[in-house]
Amino acid sequence: MRPRAPIFRRAFALGLVAAASATAVVAEPVESAGRSVVRAAAAAWQSALGERPEAAAGQRVIVVLEAPSLADRLAAAEGEPTAEDQKRWAAEAQAAQRLLLARLAARGIEIRRDRSFSRTVNGFSARLDARAQAVLERTQGITGVYPVRTVYPASITATALMRPEFRPGAGRRPEAGLPGFDGDGLRIALLDSGVELDHPYLNGRVLPGIDFVGRDRRAAAESKPDDPTRVESHGTLMAGLLVGSGGPAGLQGVAPGARVFPIRVLGWERAADGSHTLLGSSDTLVAGLERAVDPDGDGDVEDAATVTLAAVVAPFASFPDSPEARAVAGATRLGTLVVAPAGNDGRGGRGFGTVGAPAGAPAALAVGALDVRREVLTAEASVTVGGDEAFAGRVRVVGALPPRGALPLATLTGPTLAEPARPADAFANGRELADFFDPNGVSRVAGRAVALATDGAELVTKVRNAAAAGAVAVVLYGDPPPAGSLDLDETTAIPVVAVSAEVGRTAVAGLVANLPAAIEFARVRRVANGAAGAVAPFSSGGVAFGGHVKPDLVAPGVGIATADAGTNADGTPRYAT
């Protein structure tokens, strides 16, 4: 067994770096004006991020046995266990599972394991009917039966990265490293979606890894089944934050000398509404933690990752006795520091339980998001409807591309390619690309700025569709989305600005009445970010279900530049925030 002291020294050093910028959150007994502001800001972020897709229904569970795991045996061992000891103990954990399954089969209950765990926790996942679950819950030798939960991703062009607001010290670079240390000699296990392994920004620092979703040998980023032009990108974004180097304007990650072992635990899954979205499951997450402590899968954990970044979240699931929490505790006993995001459910509303899993586990290092951007963009704008000026003043730039010039306005009302029978005064929300085309397939927004309401739908999807349909800008109206809430990538690389609900509705009403409407931009300025140094309103925090206060620390987490999956039309690599 490798010595553990250096691991915790590294963890302590990492904690010192992040703690230097940590912000304490104190509970208030009554609703204050400040908390009202936080609540409103959190609501704005939730509108920008959109609703989470519901996973397809299923009766899958994780069964945890009382028999010890490899982590349990190592913690109780006297002396220094050998590699053969570790392999034998892992095999004995597997044998305990087979014995349990044989006993159940003798009672007429056949169970087929989906995934089996023996390193961090002794258990397995399976699909059970009601009778099998009832019998299991009363069977000796079983600690508990837990539902399999859904986990979600916790997610700039090169030209944009050259602009002043992305300069070093401006708060949009992953500048949280230790001076004099570049991560050389560290192996970081990354539990996420697939990674674009040959992205030049990653400089060969990402190993082939393993795929637990597609059961492949490589953790490569996969294309969306119903839209091959879209490639899963979250894993590439995170890998760039870790080990990126040689990027535009000297961009680099926090540990460019480290190695990343990617483990694909998120992939394109069919959601309850039939669409494909990036999802995972808690048993796949536990399987990923198992492989993080035993990368070659031989039962000997001498090759365990120094740090495991589980860049996923199961919302409102911070139970201290859950399979995920047990697996995190087991990984910690095996010498791996598990780092996880606190979640994106905000501290402005339900303060109790918003921290997700696995960050809510007592042994996990839970990280919240800090807004360290020094500046945000604003622009002078004027809106005219029917030749009359309806608005003149400054507007916020929500994305990172500055708007310019005078543009005719369009909106999404009446019949569309997605719904040819839609009434003339009814609105499409823009979630489908076909919303932006008339029933004959002609784009309604090409060469125009399109006015879209912020109605809870994911903004990135709506802006991506607008860009694909030929729009040259997006004007959002309604609940004001925060600056920095849109990823800047090549598929959403058009300016996005926010105006008040009143201005937006006036322009849209004019368009519905067949009056011409336009917006003109001038004098884009960088202004101080009033939220700089504060915890982002979307970042979860508070008391986990086990009574622990989370997150443990905060780090820069809004608008941070990194690599993106895919390539541009000219073959150049993509970057995003």
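## The model as a whole

The structure shown is a predicted model. Its chain contains ten helices and 29 strands. Among the 577 residues of the chain, 53% count as buried. The accessible surface amounts to about 24000 Å², and carbon and sulfur atoms account for 53% of that surface.

The pairing can be followed in detail between S2 and S3. Strands of a sheet pair through backbone hydrogen bonds, and they may do so in a parallel or an antiparallel manner. Strand S2 and strand S3 (residues 123-127) run antiparallel and are joined by four bridges. Ser116 has Phe124 in S3 as its bridge partner.

Is strand S6 (residues 187-192) mostly covered or mostly uncovered? Strand S6 is mostly covered, since five of its six residues are buried.

Strand S6 pairs with strand S10 (residues 259-264) through six bridges, and the two run parallel. Within this pairing, Ala189 stands opposite Phe261 in S10. Strand S6 is also joined to strand S13 (residues 307-310), here by four bridges and again in parallel. In that pairing, Leu191 has Ala310 of S13 as its bridge partner.

## Helix H9

Why is helix H9 (residues 459-468) described as largely enclosed by the rest of the structure? Eight of its ten residues are buried, and helix H9 is therefore largely enclosed. A residue counts as buried when its relative accessible area is under 20%.

The buried residues of H9 are Leu459, Val460, Thr461, Lys462, Val463, Arg464, Asn465 and Ala466. Just after the helix comes Gly470, which takes a positive phi of about 100 degrees.

Note on methods
Residues are numbered from 1 along each chain as its sequence is written. This is a predicted model: local features need pLDDT of at least 70, side-chain atom pairs count only at pLDDT 80 or more; totals for chains, interfaces and linings use all residues. Side-chain values use heavy atoms; hydrogens and water are left out. Two strands pair if DSSP finds at least two bridges between them. Buried means under 20% relative accessible area, exposed over 50%, partly exposed in between (1.4 Å probe, protein chains only). Accessible areas come from the Shrake-Rupley method with a 1.4 Å probe; for residues, only the protein chains shown count as cover.
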